[in-house]
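Work through the following exercises with the sequence and the coordinates open beside you. Each one sets a task and then reaches its solution step by step.

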Amino acid sequence: MHKFFERVDKIFFAVLSATLLFNVAITFSQVIARYVFNSPLVWQEELSGVTMIYLVLVGTTWGIRKAIHISVMVVSNFLFKKAPIIPDILEILGYIVYSMLTIIYGFQLVDVTKFQILPTLGIKQSYIYGVIPISGFLMLYFVFEKIFELRKSKKEGDKT
Amino acid sequence: MNAAIILIVSFLVMIFLRIPISFSLLFSSFLTIFYLGLPPMIALQRMADPLDNMSMMAIPFFILAGKIMADSGISRRIINFANILVGRVRGGLAFVNIVASMLFGGMSGSSVADTASIGSILIPEMEKKGYDRDYSIAVTVTSSTEGLIIPPSHNAIIYAQAAGGVSIASLFLAGAIPGIMVGLGLMLPAYIIAVRKKYPKGNPPKGKAALKVALDSIWGLMTIVIIIGGVLSGIFTATESAVIAVVYALLVATFVYRELTVTKFLKIMRETLETTIAVLFLIGTASAFGWLLAYLNIPELVANTILNISSNKYVILLIINAVLLLLGMIMDMAPLIVITTPIFLPLAVDLGISPIHFGIILMVNLGIGLCTPPVGNTLFVGTIVGKSTIENVFKAMWPFYLAMIGILLLVTYIPFFAEWLPSLLSF
């Protein structure tokens with residue numbers, strides 16, 4: 001199972017890296033187009049915005065693997081000195097709540113924005129907000145992984 | 001009033017239970033929105049919208065450029081260059097450390113990257129030459145905060161967003177003098193201790209050899225010219241100069257210094273993604289939270305409370321600084337910028353402090369917070385790189401804390417330092 005998780009991580013890493021580098025490429029092309037050829041790329045700003053929202057909200061779920069999101073440790077270390085598992089469980093519950101909120105209200109947001117069209121790319125605004133419920137579903141996968149790893153480390157901890 | 005209590009108390013309870021700050025911001029916003037009976041999808045819309053903004057894109061680009069430069073030989077050449085400039089004085093390596101951080105700060109805005117890359121070269125070197133290990137770590141850690149203030153600084157962009165559209169170019173300009181002041185301020189305790197402990201003078205290369213070192217470092221130093229020159233002359237936006245910096249750093253690291261391997265590049269990408277995603281998600285959720293703060297008039301409430309204690313501008317600034325220093329001890333810089341800006345900025349503006357000046361005060365102040373336990377990322381990284389303990393480093397830190405607080409007070413009470421450069425170029 002661990003191998004499977006690592007493989008999925010690599011796929012996410014590759015896609016997210018490609019998205020960021022793609023953004024570097026189109027923004028740099030914009031600089032060249034604007035200053036060298038004097039004809040700015042009209043679609044660049046919107047496309048950068050769309051890819052950025054996807055990058056951040058998909059990446060946020062991937063990031064819980066490596067605990068990239070900053071937490072305040074001082075108080076909980078003190079409060080749960082004897083039961084460090086409690087904050088771990090609370091954190092996981094938090095991620096599940098995030099999934100529920102983004103899925104339920106994300107779909108509502110997609111629904112009300114389905115008639116708005118982005119001016120230059122010509123796509124629907126709801127395609128952009130669509131990443132919100134997607135991020136909710138992806139979060140469930142990473143929560144599953146987190147619970148799995150937590151149980152494994154607990155079992156190993158019990159053995160020693 | 002009840003809604004305000006729900007918003008703030010639920011947020012505090014969640015962060016103390018170790019729910020990540022960004023998620024806590026979102027959840028407390030949802031709770032308050034439920035209580036107020038507003039449509040809950042507002043929270044999600046407020047969270048997503050700031051990400052769709054060209055100037056936000058400068059954050060990942062600056063972080064990426066900084067990491068490429070830190071990991072591919074550019075920082076080592078910057079250190080060599082700083083050595084020719086200041087290596088000769090007593091305690092020379094401490095000065096090299098401080099000046100290298102200044103130059104590095106002109107290319108990257110990350111104090112953690114600065115501590116990791118400059119520290120891993122200079123701390124062992126300083127120890128070999130007879131400097132105390134903890135003194136070396138203290139110099140590295142505190143001087144790395146210069147980079148937060150000296151342009152380019154992605155924290156300045158976070159502030160610009162939180163403050164609701166302050167000009168990034170002006171903020172960059174405003175940071176130049178205070179950033180250099182922090183460096184000069186740190187040189188004072190560094191020198192006094194060096195004399196008292198009889199640390200050695202350095203022996204940097206002279207004449208032709210010095211010229212060779214300077215020429216070797218010129219490619220790295222050019223980054224400063226490109227980024228700062230580009231933004232300040234108004235030719236490029238911050239995002240454009242950030243992307244130029246990425247491409248330039250990639251070219252120099254690959255073709256000139258030839259130290260960028262595929263493995264290194266993958267490590268750089270992973271670290272960049274982790275920092276970028278965490279920071280941008282935080283900006284998003286803080287924007288939902290900030291919208292509610294304003295909706296519930298909380299900044300006004302805080303302002304009135306503080307004004308009840310005193311109506312004297314100088315006292316109020318002291319209070320704000322003290323609160324920020326305390327918060328900086330337990331929280332990281334980016335979350336504090338996004339949370340405290342909407343609360344304190346309106347009060348500061350009422351007192352006649354410009355948003356630019358306030359932004360610089362905030363950054364100098366929170367820079368100190370990165371060096372203080374129990375939560376100080378730069379301090380942690382410095383301690384790990386230097387292989388010491390927080391307790392030992394902390395003992396060596398206090399003269400440097402005093403210097404930084406001294407500079408903070410100067411920057412706070414004399415607006416000239418922050419405002420002179422932007423006013424000169426009439427931004």
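The exercises below concern a predicted model, and they go from the contact between the chains to salt bridges, a helix and a surface patch.

**Exercise 1. Describe the interface between chain A and chain B by its contacts, its buried area and its salt bridges.**

Step 1. Begin with the contacts: 55 residues of chain A are in contact with 52 residues of chain B.

Step 2. Turn next to the area, since the size of an interface is often given as the accessible area lost when the parts come together. Between chain A and chain B about 5,100 Å² is buried, and carbon and sulfur atoms give 80% of that area.

Step 3. On the side of chain A, the residues A:Phe13, A:Ile70 and A:Val72 supply 13% of the area that this chain buries against chain B, which is more than any other three residues supply.

Step 4. Finally, count the charged pairs: there are four salt bridges between chain A and chain B. B:Arg18 forms a salt bridge with A:Glu91, in which the closest N and O atoms are 3.1 Å apart.

**Exercise 2. Find which parts of chain A are tied together by the salt bridge of A:Arg65 and A:Glu145.**

Step 1. The side chains of A:Arg65 and A:Glu145 meet in a salt bridge with an N to O distance of 2.8 Å.

Step 2. A:Arg65 lies in the loop between helix H2 (44-63) and helix H3 (74-79) of chain A, whereas A:Glu145 belongs to helix H6 (residues 131-159) of chain A, so the pair ties together parts that are 80 residues apart in sequence.

Step 3. To judge the setting of A:Glu145, apply the cut-off of under 20% relative accessible area for buried residues; at 5%, A:Glu145 is buried.

**Exercise 3. Decide whether helix H6 of chain B is enclosed or open, and describe its length.**

Step 1. Helix H6 of chain B covers residues 92-105 and reaches 20 Å from its first C-alpha to its last, close to the 20 Å expected at 1.5 Å a residue.

Step 2. Of its 14 residues, 14 are buried, so H6(B) is largely enclosed by the rest of the structure.

**Exercise 4. Locate the nonpolar patch on the surface and say which helix gives the most to it.**

Step 1. The patch is formed by B:Leu211, B:Leu215, B:Ile218, B:Trp219, B:Met222, B:Val225, B:Leu251, B:Phe255 and B:Val256, which together have about 870 Å² of accessible area.

Step 2. Helix H12 (207-232) and helix H13 (238-256) of chain B are the elements that give two or more residues to the patch, and H12(B) gives the most, with six.

Step 3. As an example, B:Trp219 is found in helix H12 of chain B and is partly exposed, with a relative accessible area of 40%.

Technical notes. Residues are numbered from 1 along each chain as its sequence is written. Chains are lettered from A and ligands numbered from 1 in the order in which they are written. This is a predicted model: local features need pLDDT of at least 70, side-chain atom pairs count only at pLDDT 80 or more; totals for chains, interfaces and linings use all residues. Side-chain values use heavy atoms; hydrogens and water are left out. Helices (H or I, at least four residues) and strands (E, at least two) are DSSP runs, numbered from the N terminus. The expected span of a helix is 1.5 Å times one less than its number of residues. Buried means under 20% relative accessible area, exposed over 50%, partly exposed in between (1.4 Å probe, protein chains only). Patches are made of residues with over 30% relative accessible area and no salt bridge: like charges are joined within 9 Å, nonpolar side chains (Val, Leu, Ile, Met, Phe, Trp, Tyr) within 5 Å. Accessible areas come from the Shrake-Rupley method with a 1.4 Å probe; for residues, only the protein chains shown count as cover. Contact means heavy atoms within 4.5 Å. Buried area is the accessible area (1.4 Å probe) that two parts lose on being put together, summed over both.
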